[in-house]
Amino acid sequence: MSVEKTSDMVGLLLRARTVAHAEHWATDSFSRHMALGSFYEGLGDLLDKFVESYQGYIDQRVKPPILGGPLNRDIVAELEEHLERLELLRYQAVPKQETCLQNIIDEIEGLYQVTLYKLKMLK
């Protein structure tokens, strides 16, 4: 387990929430608007649940990096990359046997997958 990897994962999720919110405002597609709205709202709640649970587990605070920069590509490509990174980081950040925390990460990954389905398949 690495607090640094957990902080990286949380920073990635904070960026996802922010770029999804910005794209939610910028799109002229109702279905994308709704999919991104559900994503950033749901991710905010799950991220808060994860960080507070993790801090209770390790008994210290998480200080994630603030990942910035504009979205220079399609939101779908950005979220697909985030999902790949999340899948790589999850077991570096939290031991597999910590099922409470892993279940929250499962919910986050599920939210990504549903959102990607809506963005790609529902026009």
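**Reading the terms**

Guide: Asp59 is exposed, because its relative accessible area is 71%, and exposed means over 50%, with buried under 20% and partly exposed in between (1.4 Å probe, protein chains only). This is a predicted model, in which local features need pLDDT of at least 70 and side-chain atom pairs count only at pLDDT 80 or more, while totals for chains, interfaces and linings use all residues. Residues are numbered from 1 along each chain as its sequence is written, and side-chain values use heavy atoms, leaving out hydrogens and water.

Visitor: Where does Asp59 lie?

Guide: Asp59 belongs to the loop between helix 2 (30–58) and helix 3 (75–93); helices are DSSP runs of H or I with at least four residues, numbered from the N terminus. Just after helix 2, Asp59 takes a positive phi of about 60 degrees, although Asp59 is not a glycine. Most residues other than glycine have a negative phi.

Visitor: Why are helix 2 and helix 4 called roughly antiparallel?

Guide: Helix 2 and helix 4 pack at an angle of about 170 degrees, with their axes 10 Å apart. Angles under 35 degrees count as roughly parallel, over 145 as roughly antiparallel, 65 to 115 as roughly perpendicular and the rest as oblique. Helix 2 and helix 4 are therefore roughly antiparallel to each other.

Visitor: What pLDDT does the protein chain average?

Guide: The protein chain averages a pLDDT of 93, and 99% of the residues score at least 70; pLDDT is the predictor's confidence in each residue, from 0 to 100.

Note on methods. Helices (H or I, at least four residues) and strands (E, at least two) are DSSP runs, numbered from the N terminus. Axes are lines fitted to C-alpha atoms, for helices over the stretch in contact, and angles run from 0 to 180 degrees between N-to-C directions.
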